[in-house]
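Hi,

Here is the structure for your files. Please open it alongside this note; my findings on salt bridges and nonpolar cores follow.

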Amino acid sequence: RINVSDADGVAAVASRSGCSELVAPPTVLRRLLDPLKRTTEVALTVDDVGRTVTATSFHHGDAVVAATSGGAAAAENAVLNAAAASVLKTETSIPLDEFVEYSWRDDRKVTAATGTRRGEEGGDDDDEEQDEDDDDGTGGGGNPPPSKVNEEVTLVFGIKEAKAMLQFCAQASHDIEMDAIVSFHWGGRPIIIDAEEESGAYRAELILATLDHKLLGRGVRSRPSPSSGGGDSGRGSGSNRGSGGRSGQ
């Protein structure tokens, strides 16, 4: 016998307010993730200055111990760093002009004293956006953005779930692949991957937690991103899908 009882469903909710976006066919994103083997997490770096998106295999030794110096935490960190040094890491890069759409927020301001951010555009809309950030726990120092948030962000998340979502986008429709929309802020805030069938008959959404940017070590990226890369030709210019940001090709 199997006992059955009623249960309330739980749905993850993540804010898209003020986020940056990447839109691409699933085959483009899978070119970044498929070469990464023997890793459960990936560090995805979006570099607006270098105009590249880089995926790097991520291991526990790449994270720093969020503790004071000395003690067991420092010893554990040394062991993790030694183990990470012997792990073979893989890194792939794709230029931003291969994405269908690209929207980047480059107007975030970080206040050193409080760690809060605020858009450059004035008015009531900014006040409402700040309130939304406070509700999400990001205002008032809850999860302040990194110092280089206007230049690049690094997002560490589970690779298995992301690849499963991209596989769905590629095979859910018989006629054409559904473009995957990747919405993000910075490390420590959720990343959203969603897609919608052209006629609007159905849509899918995946929300993944990301590692706090303050826990990222210096060894996440093995080398600076190149200004350009191989692969297919660019797929077109982007349209600005976010507020207060900049779209690019």
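Arg16, Asp194, Arg203 and Glu205 are linked in a network of salt bridges. A salt bridge here is a side-chain nitrogen of Lys or Arg within 4 Å of a carboxyl oxygen of Asp or Glu. By this rule the count comes to 10.

Before the details, some ground rules. This is a predicted model: local features need pLDDT of at least 70, side-chain atom pairs count only at pLDDT 80 or more, and totals for chains, interfaces and linings use all residues. Residues are numbered from 1 along each chain as its sequence is written, and side-chain values use heavy atoms, with hydrogens and water left out.

**The network**

Arg16 and Asp194 pair through their side chains at 3.3 Å, N to O. Arg16 sits in the segment before strand E1 (20–24) and Asp194 in strand E10 (residues 191–196), so this bridge ties together parts 178 residues apart in sequence. Helices (H or I, at least four residues) and strands (E, at least two) are DSSP runs, numbered from the N terminus. Asp194 also bridges to Arg203, with the closest N and O atoms 3.3 Å apart.

How accessible are these residues? Asp194 is buried, at 8% relative accessible area. Arg16 is partly exposed at 30%. Arg203 is partly exposed at 47%. The cut-offs: buried is under 20% relative accessible area, exposed is over 50%, and partly exposed is in between (1.4 Å probe, protein chains only).

Asp34 forms a salt bridge with Lys163; the closest N and O atoms are 3.7 Å apart. Asp34 lies in the loop between helix H1 (26–33) and strand E2 (41–47), and Lys163 in helix H4 (residues 159–171), so the pair ties together parts 129 residues apart in sequence. Asp34 is partly exposed at 27%. Lys163 is partly exposed at 28%.

**The cores**

A nonpolar core is a set of buried Ala, Val, Leu, Ile, Met, Phe, Trp, Tyr and Cys residues joined through side-chain atoms within 4.5 Å. The largest has 37 residues. Leu22, Val46, Val53, Phe99, Phe157 and Phe184 have the most contacts inside it. H4 gives the most to this core: five residues.

What does Phe184 touch, leaving aside its neighbours within four places in sequence? Its contacts (heavy atoms within 4.5 Å) include Leu22, Val46, Trp104, Leu155 and Ile191. A second, separate core has five residues, among them Ala43, Phe58, Val156 and Leu216.

Best wishes
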